[in-house]
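Hi there,

Here is the structure I promised to send over. Have a look, and below it you will find my notes.

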Amino acid sequence: MFKNYLKISLRHIWKHKGLSLIKIVGLAMGISAFLLLALYLKHELSYDNFYPDKDRIYRVTTKYLEEGFYGVDYPAPFSKVLVNNFPEVEATGRFMPISWFNQIRPSNQQENYFEEGFAYVDLDLLSILDIPIVRGTYENTMGEPNTILISESKAHKYFSNTNPVGQKLVINNNEEILYNIAGVFKDFPTNSHLDADFLVSLGGVEFWPGEQEYWGANMYDVYLKLDPRANVNGFNDKLSNITTKYFLPSWIERDFSNPQDIANNIKHELQPIEEIYLGSEAIRDNLPHGNKQMLWLFAFSGLLIILIACINFINLSTARYTIRSKEIGLRRVIGASKKQVVSQFLVESILFSILSLLIGVLLAYALLPFVNGIMAKSLEFPNWTIGGISILFASAIFLGIITGLYPSLYLSKLKMGSSGKSNSTGVKVNISFRNSLVVFQFVVSIVLIICTIVVYRQMKFVSDKNLGFDKEQVLAIKGTDGLGPRISTFKERILRLNEVNNASISDYLPVEGARRYSDSFWKQGRQSMEQGINSQIWSVDHDYVPTLGITMVEGRNFNEKLVSDSTAILVSKTFSEKLGVDNVIGTRITNKEKSWKVIGVFEDFHFESLKHQISSSALILGQSNSMISVKMEASNLESALSSIKEVWDVMNPTFQFRYDFLDERFVAMHKEIEGTGKLFNAFAILAIAIACLGLFSLTTFIAERRRKEIGIRKVLGASVTSVTALISKEFLGLVLIAITIAVPIGGYIMNRWLEDFAYRINLKWSIFFMAGCIAILIALMTIMYQSVKTALSNPVTSLRTE
């Protein structure tokens, strides 16, 4: 019997190729979107779950109670105190990214290569994370100074198939310090929040005399491994003892104002390593993070996509099966049972589902590079196993049963008399149910259109916003510290180029990935009476302000000819307001180690994502030589770039010329928004495409079902316009209902999304009006062809059988 069902199903698919193709393609599109989203969700939810003891590994964080955010930087001795004072702690390890290492070469080569991904690590951190070592070892060597581990990919890049263990590396062209390669580790997976290719031992490292015992410089991320019997909540409470015993005396010694209030405002907490990627919304750690809220929104969107694909399939099935009522009636007359009718249609539905699955999988493979591009990921489908294939086909069968159950049960209930009369009018269809499905499809589509428009406008707002600095036509040259004392000469030479307006030497830039340093400041003489002002303080040169187009609102910029400016400082407007003095120019401020005289106030500028409020910043003259920013003429960018490279190649022939454009790096700070917008755009297009496929087929069905009525109307004098309106108005009414439902849903979702931004657009009525107009226009374009075709048909043809 099954063979007979299968044969009839194949015949029906072949006979109605157009409708069958629409049903298969619509469901395949939904399946492909679901598979790709499932792959993305699996990747995002799997971050850091590959460590053998992941349930016992934590990162230490500091919660600032009044400010409402967390920090992760700790002084050097903090890690040692944890393991020595708490029996629950089995081991601790420190991790510190190295932004100033960027040039590397094997010691037996002369050409330097630009690299990123350097980090200082403790020996114990390697054992805590159980990092796989593929060559060499670290137990006996990583505690020694100037020792390094390199990733497997970098080992292959620089040493091909030879063993790099024992080889020497030159970093930043400093041949006085050679780094010994102790081992090669397996590359960090793409689903790791830690990402480094060069792990430099902290053994013997001291950034200044006494730094490893100093409690006043927060520089290290600290990880620890707890005893399996330890109670995490109880341990968090114990961590306050460190504040009292170590941090508080340090603050008192450095003459902090109200040190006890500072101690009361902080709380140390452990963060499970598995929660770092998706659970760090309030943590400032300069690491890439996922957005849990958006992740579940994407998951929900994926479910809606597959749901509207199923609804589309059900709608088309019920519509077409009513045309097949004569077939059903004939089957019942010759003795077919209700069970046999249901089985026939279920087999047909399962066949459609399996065909859709095969096409959907192929489509998902084809679209995977596109998804990786917009989401900046490296997703891969797992290797197919017998079990995986079985699960996939079982899912297809289940989907076929779900989508075919309602139509088959509905049609099996038809009475033989009503089924056998005519194939043109069919049976009385459950219009309300089918219309509800159409409305649901368009509600989903319109919500996604609203999301796409809002994300696009927010991204445009970010791009167009006055940031307080000019990011256009600014070239950031990397690795300039490799020039050594010749860096000033290089700057002078490029300033002579006609295409260059200005240039500045500084690692500190208002974009992601640039160097940062913060400290607390007071008006001199009031250290013990006032709370310090937390602010970024950046070392720059005299030309930094004009190169980046920062606006001075009071006082003056640094003057290269004034020796006294070596102890001068420029502060931001927010910093100036926090000082609370009437005339800030001439005021002396201190961080309790040095003091500076304020000579100017500049307009606030954004140096973080627009998700954060502008905070205080200050500029001082100092050395930070690994980057040079160059302001170029807008009309001669290619020429300027070529001329600058020529100067570089002459002065630094063994170093690669590496650069970024400041505006591109600013966009990269908001790549999450861009990726979200592209994904919503893809969702919206997919949902609309599926909905329109169904709408087109339903319009065809309605026109077929009412062709005699339309023929009579035309004989009685109805115009083409009136007949077209007759067919169209039913569906346009459904779209209007969908708009009414979708607007508040879309508004709520995107308002919640925008809450993450300190600087955001307002949700104006024009957004919803545009989304509604797009939906109506698409619906009109979909149904107009068939409506006009039916209206122009010869009424004699439709009435011939009467």
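**Pocket and salt bridges**

Lining the second largest pocket are 18 residues, with Phe34, Leu35, Ala38, Leu392 and Ser395 nearest its centre. A pocket here is an open set of points on a 1 Å grid over the protein atoms alone, where a 1.4 Å probe fits, with protein on both sides within 12 Å along at least five of seven lines; lining residues have an atom within 4 Å of a point. Helix H2 (17–45) and helix H12 each give two or more residues to this lining, and H12 has the largest share, seven residues.

Before the rest, a word on the source: this is a predicted model, where local features need pLDDT of at least 70, side-chain atom pairs count only at pLDDT 80 or more, and totals for chains, interfaces and linings use all residues. Residues are numbered from 1 along each chain as its sequence is written, and side-chain values use heavy atoms, leaving out hydrogens and water.

The whole structure holds 25 salt bridges (a side-chain nitrogen of Lys or Arg within 4 Å of a carboxyl oxygen of Asp or Glu). In one of them, lysine 377 pairs with glutamate 44, their closest N and O atoms 2.9 Å apart. Lysine 377 sits in the loop between H11 and H12 and glutamate 44 in helix H2, 333 residues apart. Both residues are buried (under 20% relative accessible area, 1.4 Å probe, protein chains only).

Lysine 491 and aspartate 541 also form a salt bridge, at 2.8 Å from N to O. Lysine 491 has a relative accessible area of 10%, and aspartate 541 is at 12%.

Happy browsing!

Methods:
Helices (H or I, at least four residues) and strands (E, at least two) are DSSP runs, numbered from the N terminus. Buried means under 20% relative accessible area, exposed over 50%, partly exposed in between (1.4 Å probe, protein chains only).
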